[in-house]
Amino acid sequence: ALPVLHMMEAGLLGENVTIDLNVWNSPEELLAMVQGGEHDLYAFPLTVVSTLYNKGLDVRLMNVNTWGVTYFMTTDPAFETWADLAGKTVYVPLQSSPPDALTQYFLNEAGLTVGEDVTVVYKTDNSEIAPLLASGEAQVALLPQPFVTSVMGQNETLRVALDMTEEWDKATDGASGLTMGCVVVRTEFAQQNKEALDLFLDEYERSVQTVTSAEGLEHAAQLAEQYNIVKAPVARKAIPACNIVFVQGEQMQQIAGGFLEVLYQANPKSVGGKLPDANFYYNR
């Protein structure tokens, strides 16, 4: 949301264009938005886009906007590797989400079977897991930024045990990036509004550079609080670790395609049963 909020505040699309930003809070709410066709652009996890596209919904991948922002948090001083999760209970947000698909992939690579070697407890929202970690009720859990920063400030025994981005880079030898978040466009809107869409992409790229720069950090933190995303002090600490990026075109197709390929080989259902074809990618 931060690059879009900056675009709104600065009026970067000109006087004749208004951005109406709505926040979705659950996969069901997101699906209803897409099926209803009530929006032109969407920001959500890459695996969700692939699944919706394979179901025939009118969506195309426009750009990647977030690398991995997810971390395994723990209060267990002995937890260092995936194998250490044997016999443990792990809390994971949103079943069938990218974090879940990645967890399943890494557990499988470590020779662990969910339900036999590891117990996975799913929650419907990150905000349900954070207080469990803060209170110590959950010993191991998966969380994204900015929840990681927030919860570590509430429990000094918590630490990051595994960085999912680093784990992915090791597992794939850097062949693809851990592509978590992206921006999606309705195909019909893209076909009818190419000039406006290209302007959006240009200004979104500049806005990413602004909110991730050292000079723009304070501005981005204030926007996060102003629009009720997260409090400014938390945002100030979390934004540098949020891996906000801008990747489009052939580079996007190569990186995102590589990410989906690995997940598909591990579990076809995680990407919608098949790899999306070339029309999945929006290229100018």
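1. T172 is buried, because its relative accessible area is 11%; buried here means under 20% relative accessible area, exposed over 50%, and partly exposed in between, with a 1.4 Å probe and protein chains only. T172 belongs to helix α7, residues 164-172. A polar atom of the T172 side chain sits 2.9 Å from the backbone oxygen of W168.

2. A word on the basis for all this: the model is predicted, local features need pLDDT of at least 70, side-chain atom pairs count only at pLDDT 80 or more, and totals for chains, interfaces and linings use all residues. Residues are numbered from 1 along each chain as its sequence is written, and side-chain values use heavy atoms, with hydrogens and water left out.

3. Now the overall fold. The protein has twelve helices and nine strands, taken as DSSP runs (H or I, at least four residues, for helices; E, at least two, for strands) and numbered from the N terminus. The C-alpha trace spans about 55 × 40 × 35 Å along its principal axes. For 284 residues, a compact globule would have a radius of gyration near 19 Å, and the protein agrees because its value is 19 Å. That radius is taken over C-alpha atoms, and the globule rule is 2.2 Å times the number of residues to the power 0.38.

4. Of the contacts (heavy atoms within 4.5 Å) with a separation of 6 or more, 74% join residues 24 or more positions apart.

5. Helix α3 (residues 46-54) deserves a look on your screen: it is mostly covered, with seven of its nine residues buried. These are L46, T47, V49, S50, L52, Y53 and N54. Their cover includes helices α2 (27-36), α4 (98-109) and α12 (249-266), along with strands β1 (41-45), β2 (60-66) and β8 (181-185). Just after α3, G56 adopts a positive phi of about 95°.

6. A138 is a loop residue, placed between α5 (126-135) and β6 (140-144). A138 is buried, because its relative accessible area is 0%. Neighbours within four places in sequence aside, A138 is in contact with Y91, L132 and L133. The C-alpha atoms of A138 and T75 are separated by 8.5 Å, although these residues are 63 apart along the chain.

Terms used: A polar contact is a pair of N or O atoms within 3.5 Å; within protein, one must be able to donate a hydrogen and the other to accept it, and residues adjacent in sequence count only if both atoms are side-chain atoms.
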